Amino acid sequence: MTVDHRQDLLEPVRYTLSAALYPVRVLANLPSETSDFMVDRFKTRRELREENARLRAQHLLYEARLQKLDALEVENIRLRELLDSAYEVGESVLIAELMRVDLDPYTHLLQIDKGGEAGVYRGQPVLDAHGVMGQVDKVGPFSAMVRLITDPSHAIPVQVNRNGIRSVAIGTGNLNLLELSSLPNNSDIRAGDLLVTSGLGGRFPKGYPVARVKKVEIDPGQPFAEVTATPLANLNRSQQVLLVRRDETPRQAAADAPPGEPSAEAAE
Amino acid sequence: MTIVRHHGGWVILVSIIIGYLLTVLPLPAEAEQLRPDWSALIIIYWVLALPQRVGVGVAWLVGLFQDALVGTLLGAHALAFALVAYLTLKLHQRIRVFPLWQQALSVLVLLLLIRLLLYWINGLIGRPAADWVFWTPALIGTLFWPVVFVFLREIRRRYRVQ
């Protein structure tokens with residue numbers, strides 16, 4: 001147990017055990033899977049048409065936004081070239097589906113249906129449509145476990161989108177609460193501020209929304225302000241998640257940090 | 001030493017797999033923390049019924065797989081199950097002759113012991129302490145014990161597991 005907790009020596013063992021247990025997971029997932037299938041199957045034509053129209057409209061909207069984004073990205077690259085700094089190359093995503101199996105209720109873990117065989121690796125960031133969900137913690141060949149950002153042993157480096165103040169958001173064990181650590185009493189942070197990943201530590205890519213500040217409590221007797229935030233991702237409702245993979249390590253980061261350096265947000 | 005022919009091993013295996021299924025079957029969020037330790041109940045039954053076949057080693061393996069299944073520290077459930085299997089093995093001759101409700105009481109103690117070990121291990125690796133709900137699965141498991149016992153006994157007799 002100590003070995004498992006302190007080092008990663010037992011990862012292969014877990015990988016094998018996980019493979020052996022995959023059928024159990026599939027069986028447990030089966031009832032909800034079939035009910036989903038049935039619901040899809042017996043949808044009326046009208047419902048499908050409506051859904052299709054709605055999705056088409058949404059798609060158009062996103063396309064329009066994406067056009068603007070392309071232009072902005074090119075501009076960004078140009079500006080960065082002027083500043084002579086490295087530009088982080090694009091990321092590719094893998095879509096995985098949640099398996100509805102219950103895990104240990106005292107840790108915030110999720111089971112997804114993609115594993116090592118699909119290229120999932122330990123520490124890979126996991127997002128949903130609204131924000132960062134967590135990172136891959138345990139990998140099996142056909143499935144993996146994701147540790148949510150609200151798990152008490154998880155911390156994620158963030159910055160305030162408005163002014164770039166950096167902090168670390170620590171999980172509380174409560175599904176809709178994060179704590180920001182080490183923010184001085186006089187720092188410029190307000191309720192409603194958007195927190196995005198800062199990219200420090202090199203595990204989470206920069207700029208993804210994480211949470212929104214809920215409350216800032218300042219106690220003059222304490223050195224730091226007590227800041228709580230609400231995660232943006234639907235941590236308990238999402239069906240599908242995105243696994244982000246960095247295509248190319250940015251030049252600077254690769255030069256600065258030796259590989260294998262334990263990063264700030266290591267899961268445990 | 002009399003030679004006892006072992007057969008019906010697959011029945012034990014299937015019952016353990018069913019235990020795993022019940023362990024991960026999705027439940028509503030409120031009921032999730034009340035779920036009894038199904039694998040523990042099943043292990044205790046088999047150790048009571050067939051102490052010469054199912055012992056500490058099997059319990060340890062079952063616990064190890066359970067750890068991989070629910071994502072706890074590898075070895076936590078293994079240790080707890082092995083210890084409980086050992087105690088059951090020591091006491092099986094006494095527990096066997098108890099009436100069902102007294103058996104359920106002994107099972108309560110064993111299940112509480114599992115919880116206690118898991119609680120300690122959680123504390124050791126620095127996770128926040130759980131609240132009182134953490135202990136309820138042992139109670140609920142005790143309530144389920146007569147059902148598990150009678151059901152598995154019927155199965156064991158029908159398939160003549162020895």
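The largest cavity comes to about 70 Å³ in this predicted model, a volume being the space filled by probe spheres set on grid points joined across faces, edges and corners. A cavity here is a set of points on a 1 Å grid over the protein atoms alone where a 1.4 Å probe fits but cannot get out, and lining residues have an atom within 4 Å of a point. The structure holds 1 cavity of 30 Å³ or more. Its lining is made up of A:R14, A:S18, A:R25, A:Q111, A:K138, A:V139, A:G140, A:S143, A:A144, A:M145 and B:A68. By type, the lining splits into 4 nonpolar, 4 polar and 3 charged residues, where Ala, Val, Leu, Ile, Met, Phe, Trp, Tyr, Cys and Pro count as nonpolar, Asp, Glu, Lys and Arg as charged, and the others, Gly among them, as polar. Helix 2 (11–41), strand 4 and strand 5 of chain A each put in at least two lining residues, with the largest share, 3 residues, coming from helix 2 of chain A. Helices (H or I, at least four residues) and strands (E, at least two) are DSSP runs, numbered from the N terminus.

As for conventions, residues are numbered from 1 along each chain as its sequence is written, while chains are lettered from A and ligands numbered from 1 in the order in which they are written. Local features need pLDDT of at least 70 and side-chain atom pairs count only at pLDDT 80 or more, whereas totals for chains, interfaces and linings use all residues; side-chain values use heavy atoms, with hydrogens and water left out.

One of the cavity-lining residues, A:S143, sits in the loop between strand 4 (132–139) and strand 5 (144–148) of chain A. A:S143 counts as buried because its relative accessible area is 1%; the cut-offs are under 20% for buried and over 50% for exposed, with partly exposed in between (1.4 Å probe, protein chains only). The side chain of A:S143 makes a polar contact of 3.2 Å with that of A:Q111. Such a contact is a pair of N or O atoms within 3.5 Å; within protein, one must be able to donate a hydrogen and the other to accept it, and residues adjacent in sequence count only if both atoms are side-chain atoms. Beyond its neighbours within four places in sequence, A:S143 is in contact (heavy atoms within 4.5 Å) with residues including A:S18, A:Y22, A:R25 and A:M99.

Turning to charge pairs, the whole structure has 9 salt bridges over all chains, each a side-chain nitrogen of Lys or Arg within 4 Å of a carboxyl oxygen of Asp or Glu. A network of these bridges links A:R122, A:D137, A:K138, A:R147 and A:D151. Within it, A:D151 and A:R147 pair with their closest N and O atoms 3.2 Å apart, and both residues are buried. Another bridge joins A:R162 to A:D193 at 2.7 Å between the closest N and O atoms. This pair ties together distant parts of the chain, 31 residues apart: A:R162 lies in the loop between strand 6 (155–160) and strand 7 (166–171) of chain A, and A:D193 in the loop between strand 8 (178–181) and strand 9 (194–197) of chain A. A:R162 is partly exposed at 38% relative accessibility, whereas A:D193 is buried at 6%.

Conventions:
1 Å grid on protein atoms, 1.4 Å probe; cavity = no way out; pocket = protein on both sides within 12 Å on 5 of 7 lines; lining within 4 Å.
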